[in-house]
Amino acid sequence: MKSLDIHKSEYLKQFDTQTYGRNLFRTQEEERLDAPNEECGIFGMYSDNDLDTFSLSQFGLFALQHRGQEACGISVLKDGKITNMKDEGLVLDVYKEIQDPEAFMGNSAIGHTRYTTAGDKKKYNFQPFFAKNEYDQIILSIAHNGNLTNARELKNELEAEGVVFRATSDSEVILRLIQKNLDLGLRGAIKATMEKIEGAYSVVGMTRNKFFAFRDFNGIRPLVLGAVNENTYVVASESVALDAVGAQYVRDILPGEIIYTNENEPGKLNSYMVNEERGKQRICSFEYIYFARPDSTLENINVYEIREKSGEKIWEQAPVDADIVIGVPDSGVPAAIGFSKASGIPFRPVLIKNRYIGRSFIVPTQEMRERVVNLKLNPIISEIKDKRVVIIDDSIVRGTTSKRLVKILKDAGVKEIHFRSVSPPIIAPCYLGIDTPSKDDLISANMTTEELRDYLGVDSLEFLSTENLKEILGSSNHCFGCFTEEYPVGKGEEVELFN
């Protein structure tokens with residue numbers, strides 16, 4: 001058997017050139033129905049010198065592709081002018097549509113890769129959002145990751161003041177509030193905005209001579225800061241985007257912090273805490289379990305190490321006699337390696353991925369849609385037939401994908417199946433930037449573990465406990481809302497943000 005260190009190295013190296021895919025058993029349709037879907041990825045960079053922002057923003061956003069596959073967009077600052085491009089599709093597909101790359105090479109850029117959480121899927125909701133002056137020039141552009149819980153109220157207030165909204169996304173509320181308050185100066189406008197909005201938000205943005213980023217008072221959505229050199233800075237949802245552009249990780253943007261440049265001090269990045277008493281660290285715990293790439297570092301915690309520890313911990317919590325351990329690619333593999341390391345049960349990468357398959361199969365029947373799964377992942381039957389298998393997955397949401405996985409293993413002749421989820425049972429939806437099914441569709445909110453074990457048809461089923469998750473993370477200073485139904489901020493109205 002290969003050493004587990006070799007497996008780890010091979011596993012991480014592949015994402016340098018290939019897109020990270022969380023649970024490859026899910027069809028594209030099921031990614032909307034049987035998984036919590038990440039909100040977005042954001043990227044920004046600034047220098048007092050001209051850069052190849054066209055290429056660098058492309059690299060950074062590609063590293064964040066797993067955070068959103070619906071649409072992509074960029075804004076670039078060049079010679080005091082902001083140019084914007086956004087369209088439906090994956091990062092590389094959208095960049096191919098840019099006819100003149102030179103027009104997107106400047107000294108600052110922001111970018112966004114999108115998954116819808118609030119607002120519909122029309123092009124006017126694609127980011128970055130921008131505001132224009134009376135001369136039809138873009139004066140402000142932002143990209144937002146998260147979800148506001150008081151967006152409807154604020155939108156009504158702004159409309160009553162005569163503000164016209166062009167999209168149906170809560171992100172435009174942030175844009176219009178900053179725009180409205182620009183007479184306070186950029187920092188003052190952002191401060192006034194942060195004092196009005198509630199919920200989860202990490203934002204990058206630019207004016208015609210400044211770059212900025214800020215994060216909500218609970219730091220729910222991630223935002224990291226890096227540097228290429230002493231006068232070139234990068235901000236992104238995850239540290240892998242820094243790696244992709246050759247930047248060194250500096251630190252995470254603090255909850256309630258604004259970072260910004262000043263045209264009078266080119267190359268200098270300033271920091272301002274809006275309200276230190278309100279600032280608390282409550283980053284989403286599911287970032288570590290599922291959303292972030294395994295080679296990312298968030299809040300000085302390595303994501304891969306957390307996932308490997310989760311496998312070790314669930315072995316301690318629920319040991320079992322078995323012949324092999326397998327992990328659902330990609331997100332379940334580190335935990336499977338950890339489970340193997342702790343238990344001594346061999347890890348086998350027996351679910352083989354087809355890296356050439358696209359996302360856009362158009363098939364008319366459910367039977368054919370299910371066959372797409374076998375095109376993406378196929379088991380090595382000789383490795384698992386007549387074996388007692390432990391299957392490690394990151395989570396169980398609706399349960400439909402897990403049930404299909406069990407069927408595939410049984411059809412391959414597996415003798416026993418022991419299912420381990422390295423997240424606690426998901427019993428509540430998220431209101432802070434993650435698209436989860438309603439409570440009625442969350443299977444753990446409606447079944448006991450024993451009932452779910454029978455539904456899946458497995459010999460045993462265990463979830464990592466919330467207390468063990470806290471122990472792995474090293475603190476309780478995270479958002480555990482989907483596991484406990486207790487959120488760091490009020491969830492707001494349980495209605496669509498915009499009609």
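Me: What should I know about the model and its numbering?
Reply: The model is predicted; local features need pLDDT of at least 70, side-chain atom pairs count only at pLDDT 80 or more, and totals for chains, interfaces and linings use all residues. Residues are numbered from 1 along each chain as its sequence is written, and side-chain values use heavy atoms, with hydrogens and water left out.

Me: How many residues of helix H3 are buried?
Reply: Buried means under 20% relative accessible area, exposed over 50%, and partly exposed in between (1.4 Å probe, protein chains only). Helices (H or I, at least four residues) and strands (E, at least two) are DSSP runs, numbered from the N terminus. In helix H3 (residues 53-63), 10 of the 11 residues are buried, so the helix is largely enclosed by the rest of the structure. Among them are Phe 54, Leu 56, Leu 61 and Phe 62.

Me: Which elements do the buried residues of H3 pack against?
Reply: Contact means heavy atoms within 4.5 Å. The partners are strands S1 (40-47), S2 (71-78) and S4 (108-114), with helices H4 (91-96) and H8 (239-244).

Me: Which residues does a cis peptide bond with omega of about 5° join?
Reply: That bond joins Gln 127 and Pro 128; Pro 128 is in the loop between S4 and strand S5 (129-132). Another cis bond, with omega of about -5°, joins Pro 329 and Asp 330.
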